[in-house]
Amino acid sequence: MAQLRVTSKALPEHNRQHNRSLLLQTLFHDGPMSRADLARESGLTRVSVSDLVNELASEGLISELGTRTGAHVGKPAQLIGLNENAYHVVSLDLSADDRFVGAIVGLGGEIVHRAEVPLENAKGDDAVSKAVGLARDLVKRSTVRLLGIGVGTPGIVDQDGVVLSAPNLDWTGLDLAEVFRTEFGVPVHVGNDANAAALAIHTFHDPGQSFMLVAIEHGVGAGLIIGGVLVEGEHSTAGEIGHLVVDESGERCVCGRDGCLEQAIAVPHLRARLRAAGDAQREKVLADAGHSLGLALAPIIAALGLDDVVLAGPRDLVEGTFLDAALDTVRSRTLSAVGDGARMTIADDSHDLVLLGTAVFVLAAELGVS
Ligand SMILES: [Zn+2]
């Protein structure tokens, strides 16, 4: 969360780093512009902008893109833009239950190349080997310098990139960041898959400064961005909503509780229930599942004063009845001042969110861009 108390003095190098990031961030989100526009947008003096632009250009991060042909009289302005192929990021999405997916991503977030490897039920060290092998293939294919490697994994991941617990992959206390750093010798940033998806929404869709991303796949997870900050929690468990109990008389869950949210809405469980119920009961099953999600979300939305929830999951399940039921439940269980403003939308590119978000882990840490 945003710092409330100042605890250390600001040093000149912090200012410079901050302003570098500010310029990169401005070009990343607003596209190419002149030095004068960059000064206006950033609030920096033209002298500071010129100085930083020279530094960033010498590193190849930005480049001159020619002059703008406009209506202005006088000397045409040189446009400066982010050099999207100055570096590549290698991104890995380890969230699917049957494969690991990877990509080479440019600095602007465009996917340059994709690859995947079947998981074949690999767990433990075998699963680590598959992830490293996939990264090795992508690193070989990249034709420019590597800014770093980003990894989005299911489970609980601490700030150092240690996977504290990922039961599906049989990983406990695994320092995944160190494994990749040793292998590739580049900066490595590892985080939870739902947090990655939330960062992708924050960076590429810009839904506002506060929202919750709910990923409904093999499991159920959430990523929270509040006031423009990714909330990770005291023990890196923020967003672990999959095992909230929503129905005490529900089915037994792998975690030992009865009626967890995952039992109610995770894709394999929901599809199984739809198959068993048949077409006539389809809408009822989807409405019940949406209601379960609403039960879990209502207190979170009320506690945080959130307006926006973004759902990522198979459209044929989450669109329509499911989403409507979830939103109705949130509204019926909260004060109108809380629930009336609530909005629930579906992410368009949900299958790429983790890949793009893990690239943002790297962009944010190395360049201050997100
Ligand atoms: Zn559970």
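In strand β11, V190 is the bridge partner of V151. The two strands concerned, β7 (residues 145–153) and β11, pair in the parallel sense over five bridges; strands are DSSP runs of E of at least two residues, helices are runs of H or I of at least four residues, and both are numbered from the N terminus. Pairing requires that DSSP find at least two bridges between two strands. This is a predicted model, in which local features need pLDDT of at least 70 and side-chain atom pairs count only at pLDDT 80 or more, while totals for chains, interfaces and linings use all residues. Residues are numbered from 1 along each chain as its sequence is written.

The β7–β11 pair belongs to an open sheet of five strands with mixed pairing, in the order β6-β5-β4-β7-β11. Its edge strands, β6 (111–118) and β11 (188–192), each pair on one side only. From one strand to the next, the twist averages 15°; axes are lines fitted to C-alpha atoms, for helices over the stretch in contact, and angles run from 0 to 180 degrees between N-to-C directions. Helix α4 (residues 124–141) packs on the sheet and touches β4 (87–93), β5 (99–106), β6 and β7. The direction of α4 makes about 25° with that of β5. Two residues are in contact if their C-beta atoms, placed from the backbone, lie within 7 Å.

Within α1, L23, L24, T26, L27 and F28 are buried, that is, 20 or more other C-beta atoms lie within 10 Å of their own, with C-beta atoms placed from the backbone. The buried residues of α1 pack against several elements, including α2 (35–42), β2 (62–67) and α13 (353–367). Just after α1, G31 takes a positive phi of about 85°.

Beyond its neighbours within four places in sequence, L311 is in contact with V214, I216, V318, L323, M344, I346 and A347.

Over the whole chain of 370 residues, 39% count as buried.

Notes:
Buried ≥ 20, exposed ≤ 12 C-beta atoms within 10 Å, placed from the backbone.
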